Amino acid sequence: MAKQLIEITMPQLAESLVSATIDRWLKQPGEKVEMYEPICEIQTDKVNAELPSTIMGTLKKHLVGEGETVEVGTAICLIETEASGEEGYAVTEQTVHASGEGQQSSASFRPAAAASTGAGIDTNNPMRHRYSPAVQRLAAEHGIELSRVSGTGEGGRITRKDVLDAAESGVAAAGATQAAGNRISSGTSSGSSVGGFVAMDPKVPVRSTGIHLSQSPRIPSVESQGREMPGRGEYFIDITPIRNTIASRMRQSVTEIPHAWTMIEVDVTSLVMLRGKLKDDFQRREGINLTYMPFLIKAVVNAIKDYPIMNSVWAVDKIIVKRDINISLAVGTEDSVITPVIRNADQKNVPGIAREIDELVKRTRNNKLTLDDLQGGTFTVNNTGSFGSILSQPIINYPQAAIVTFESIVKKPVVINDMIAVRSMVNLCLSLDHRILDGVICGRFLQRVKENLEGYNMDTKIY
């Protein structure tokens, strides 16, 4: 077998992306690289991602060091692979799936010799055995053996829907249940995430509110990344692409958007009781914790249906009202705030929203989000109450028209029919773009959200 060196180049993960930073090399020179195995972690101005290899071979050389930023199309490493002397075809371009299905980008490979077509390739379904990382992750979560799944995508490629259909029909790998059990049992006593599984010690109290779900907040480690400045009593922290983007967007938001804000108090006593009634059964049925966020998002979405202007953006000479209701969910990580998107939230029920929140939060905290997860949001929902806050003024997620934040639920004495009662109360704070929205429409919108939240009762059906 002849040897050939193939250049792996920085892919274009999105149309607007012109460069990316090599954060960390996962493979070192001399190490074997399997097909679709991540070779490095890259940082863009929107998301961190693992860059998988589309060829199998041995990594020979890093062409770009850790921390270096390069333009799209720049060669970042060399991989040595085998090429047979048989008639084959020259690989001039391959598709790299950086973090998820649908986020395709071209990486140019310039081989020194023709590459073998390989044995066992189905010419009628040439993409049959090319799995995107999103498909591989989903298959692992459901214990699916991909070799037993029929692909309906282009060239026989297996899609996420194919995996989900296989999961419903019971196509699972032998020993998948035991493997999952082994992964869960390998966690630490305080809870850890291994391969997407979260192991929790039953003696550790599970958080019952907020978007942290069953995980206790991790201690920020950004300070440990600081570098001492000799002779001075201070240290500095390098600005990451994501932090730089956050700074730019926040400055753009407060500079361009005339912010105003308003707050309303909501009695969520009935919602607290409803959640208390449903959470244990929901945990058994869905395998995730039922928080207040799905109920809030459902209430907000239904209010947006009544007041579509809330779902809009300013376009200089016009206001664009979005038909799709895509909720951006503010999720705090150790050193930043990311806003993954729940698409078509108006078409989902409370359990559907809860499942998507759980998935997005886990992927956010494990740096597994794709660029597609962060695009298309039309209205943002935040949960500062998870940190105990009772009043805050959020900055609008540019270029959206508004953002609402759900504060901490607090028991208070409340006057009802001239009598004092202890009720579970929460503040909802709304920041608005005063070019688009005024106090009247926002007041009515918040009142509708309040009505929706206070409309939950012990007889409410969530399925």
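Helices here are DSSP runs of H or I with at least four residues, strands are runs of E with at least two, and both are numbered from the N terminus. Residues are numbered from 1 along each chain as its sequence is written. Before you click, note that this is a predicted model, in which local features need pLDDT of at least 70, side-chain atom pairs count only at pLDDT 80 or more, totals for chains, interfaces and linings use all residues, and side-chain values use heavy atoms, with hydrogens and water left out.

**The whole chain**

Start with everything shown. The chain holds eight helices and 25 strands. Of its 463 residues, 42% count as buried, meaning under 20% relative accessible area, with exposed over 50% and partly exposed in between (1.4 Å probe, protein chains only).

**Stop 1: helix 5**

Select residues 269-286. This is helix 5, with 18 residues, and from its first C-alpha to its last it reaches 24 Å, close to the 26 Å expected at 1.5 Å a residue. The expected span is 1.5 Å times one less than the number of residues. Now centre on K279, where helix 5 bends by about 40°; the bend is the angle between axes fitted to the seven residues ending there and the seven starting there.

Which residues of helix 5 are buried? Colour T269, L271, L274, R275, L278 and F282 to see them. Their cover includes strand 15 (259-267), helix 6 (293-306), helix 7 (350-365), strand 25 (419-433) and helix 8 (439-454). Step just past helix 5 to G287, which takes a positive phi of about 80°.

**Stop 2: strand 15 and its partner**

Next, select E265 and K412. Their side chains meet in a salt bridge at 3.2 Å, N to O; the term is used for a side-chain nitrogen of Lys or Arg within 4 Å of a carboxyl oxygen of Asp or Glu. K412 lies in strand 24 and E265 in strand 15, so the pair ties together parts that are 147 residues apart in sequence. K412 is partly exposed at 30% relative accessibility, and E265 is partly exposed at 35%.

M263 also lies in strand 15. M263 itself is partly exposed, with a relative accessible area of 37%.

**Stop 3: pairs within helices**

By the salt-bridge rule, the count comes to 18. In helix 7, show R363 and E359, which lie four residues apart, about one turn of the helix. Their side chains form a salt bridge at 3.5 Å, N to O. Is R363 buried or exposed? At 11% relative accessibility R363 counts as buried, while E359 at 27% counts as partly exposed.

Move to helix 8, where E454 and K450 are also four residues apart. They meet in a salt bridge at 3.0 Å, N to O. K450 is buried at 19% relative accessibility, whereas E454 is partly exposed at 33%. Then select D306, R448 and E451, which are linked in a network of salt bridges.

**Stop 4**

Most residues other than glycine have a negative phi, and most peptide bonds are trans. Zoom in on N367, in the loop between helix 7 and strand 22: its phi is positive, near 55°. N417, in the loop between strand 24 (410-416) and strand 25, also has a positive phi near 55°. N417 is exposed, with a relative accessible area of 67%.

Finish at P399, in the loop between strand 22 (379-382) and strand 23 (402-406). A cis peptide bond joins Y398 to P399, with omega about 5°.

Terms used: Contact means heavy atoms within 4.5 Å.
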